[in-house]
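I opened this notebook to keep track of what I looked up in one structure, entry by entry. I wanted to go from the whole chain down to single residues.

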Amino acid sequence: MSHQAAKLEALVSQNRNTTAKKTRFIAITSGKGGVGKSTISSNMAYIMARYGLKVGIFDADIGLANLDVMFNVKIKKNILHVLKGEATVEEILVPIEKNLVLIPGESGEEIFKYASSGLFERFMDESGVLDDLDVMIIDTGAGIGEHIQLFLRACDDVIVVTVPDPAAITDAYATIKVTSRLRNEINVIMNQVRNDKEAQALFDKIHKVAQANIGPDLRLLYLGQVSNDPKISSSVKKRALFSRDFPTATPTLELELIVKRIAKKLERNVLVNPKESGLGGLFKRLMEHF
C-alpha cells in the first residue's frame with residue numbers, strides 16, 4: 001500500500017467504530033457505449049428499491065454521465081465538489097424514490113487527485129449518511145480504462161452488459177478478458193435480444209471463447225436477458241424508467257428475474273464496521289487498489 005493510500009486508510013478507520021449494514025457493491029459495465037448499460041443500471045436500482053432494499057446508484061460514467069437523464073433529475077454538484085470542500089455529501093445526494101438515491105460521481109482518477117487533502121477527512125465523516133445501504137450500484141464508463149478497472153476491482157460483483165452486435169460482443173469479450181485478471185467471477189446480461197434462444201446462443205459463444213483463451217478458472221455466469229422492446233426506447237425518450245412505466249412488460253419481468261438472482265447474494269441485516277458500508281466502504285475499497 002502506498003503512503004497516500006495508508007494515510008487515507010487511517011482516515012477511513014478513525015472515529016467510525018459504530019455498526020452499519022453490509023453494503024453489496026455491484027459494478028455494471030460494458031465493452032462499448034450504446035448497449036443500454038445505464039438503462040439497465042437505473043431500472044435495476046429502481047426494481048431493487050421497490051423490493052424494499054435501500055439502494056444507492058453511483059454515476060461513474062464520466063464524460064457520458066447520463067443517470068440524471070434516466071431519472072429525469074437535475075444535478076448541480078457531484079462528489080468532486082465534496083472533495084474540494086464546495087458541498088457536503090448530503091447536498092449532492094439526489095433522492096429518486098423511496099429507498100433509492102443517486103450519487104453523482106466522478107472517475108477514480110479525479111477522486112484521488114483530491115483524496116490526500118485535509119478535506120477528505122470531513123468527507124469520510126459525512127459519508128456516514130449512506131451507511132444503511134443494502135446495495136450500491138456503480139454505473140461505470142464503457143471500455144477497459146484504468147479508472148474503470150479501479151471500480152471493477154473494488155466491487156463484490158461485476159456485470160458486463162452487451163447486445164447482439166458483433167462489435168459489441170468483441171468489446172464485451174475484451175472487457176471480460178481484462179476483468180478476469182482482477183477477479184475470477186464475472187456476470188453477463190444480454191440486452192436488446194429478440195428471444196431467450198438468441199441470448200443463450202450468444203452467451204454460449206462468449207463463454208466458449210473465454211474458456212479456450214482465458215482458462216477454466218474464470219466463472220463466467222449468465223445472469224439473464226432483457227428483450228428488445230419499443231417500450232424501452234419510448235421511456236428513455238421521455239426520461240422515464242421503463243420498469244415503472246410498464247411494470248408488466250417482458251423486459252421489466254426479465255429484469256426482475258435478474259434482480260432476484262442478485263438478491264440471493266445479499267447479506268441482509270449483517271452489521272459491520274461502517275468503513276465496510278455505504279460510500280465510505282466504496283472509497284475504502286478504491287484506496288486499497290489505487
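The entries below follow the order in which I looked things up.

**Entry 1: the whole chain**

I noted before anything else that this is a predicted model. I then looked up the secondary structure of the chain, which comes to 14 helices and 10 strands. Of the 290 residues in the chain, 54% are buried. I also looked at contacts between residues at least 6 apart in sequence, and found that 82% of them join residues at least 24 apart.

In which order do the eight strands of the open sheet lie? I read the order as 4-5-3-6-2-7-8-9, and I wrote down that the pairing is mixed. Strand 4 (94-97) and strand 9 are the edge strands, since each of them pairs on one side only. Averaged over the sheet and with direction ignored, neighbouring strands are turned by 25° against each other. I then followed helix 2 (residues 37-50), which lies across strands of this list, including strand 2 (24-30) and strand 6 (135-142), and runs at about 175° to strand 6.

**Entry 3**

I looked up how strand 4 pairs with strand 5 (residues 100-104), and the answer was three bridges in the antiparallel sense. Within this pairing, E97 stands opposite L100, while V94 has L102 as its bridge partner. What is the phi of N99? I found a value near 75°, which is positive although the residue is not a glycine. I reminded myself that most residues other than glycine have a negative phi. N99 counts as partly exposed because its relative accessibility is 22%, and buried would need a value under 20%.

**Entry 4**

I moved to strand 8 (residues 185-193) and asked how many of its nine residues are buried. The count is seven, so I described the strand as mostly covered. Strand 7 (residues 157-162) runs parallel to strand 8, and four bridges join the two; V161 stands opposite I189 in this pairing. Strand 7, helix 9 (residues 166-179) and strand 8 together make a right-handed β-α-β unit. From strand 8 the chain crosses through helix 10 (residues 196-213) to strand 9, and this β-α-β crossover is right-handed too. Strand 8 and strand 9 (residues 219-227) pair in the parallel sense over eight bridges, with V193 and S227 as bridge partners.

Q192 lies in strand 8 and has a positive phi of about 55°, although it is not a glycine. Its relative accessible area is 33%, so I recorded Q192 as partly exposed. Q225, found in strand 9, has a relative accessible area of 11% and is therefore buried. The C-alpha atoms of Q225 and Q192 are 8.0 Å apart in space, while the two residues are 33 apart in sequence. Leaving out residues up to four places away in sequence, I listed what Q225 touches, and among them are M190, V193, N195, E254 and I258.

**Entry 2: E256**

Is E256 buried or exposed? E256 is found in helix 13 (residues 250-263), and it counts as buried because its relative accessibility is 12%. Apart from its neighbours within four places in sequence, E256 is in contact with I47, R50, Y51 and P247.

**Entry 3: rings**

I finished with the aromatic rings, where the count comes to two aromatic pairs. In one of them, the rings of F58 and F151 have centres 5.9 Å apart and planes at 45°, so I recorded the pair as tilted. F58 lies in strand 3 (residues 55-60) and F151 in helix 8 (residues 146-154), so the pair ties together parts that are 93 residues apart in sequence. Both F58 and F151 are buried. I also noted a charge over a ring, as R244 lies over the face of Y46 at 5.6 Å from the ring centre.

Conventions: Residues are numbered from 1 along each chain as its sequence is written. This is a predicted model: local features need pLDDT of at least 70, side-chain atom pairs count only at pLDDT 80 or more; totals for chains, interfaces and linings use all residues. Side-chain values use heavy atoms; hydrogens and water are left out. Buried means under 20% relative accessible area, exposed over 50%, partly exposed in between (1.4 Å probe, protein chains only). Two strands pair if DSSP finds at least two bridges between them. A crossover is right-handed if, with the strands pointing away from the viewer, the path from the first strand over the helix to the second runs clockwise. Rings of Phe, Tyr and Trp (its six-membered ring) pair if their centres lie within 6.5 Å; planes under 30 degrees apart count as stacked, over 60 as edge-to-face and the rest as tilted. A charge sits over a ring if NZ of Lys or CZ of Arg is within 6 Å of the ring centre and within 35 degrees of the ring normal. Axes are lines fitted to C-alpha atoms, for helices over the stretch in contact, and angles run from 0 to 180 degrees between N-to-C directions. Contact means heavy atoms within 4.5 Å.
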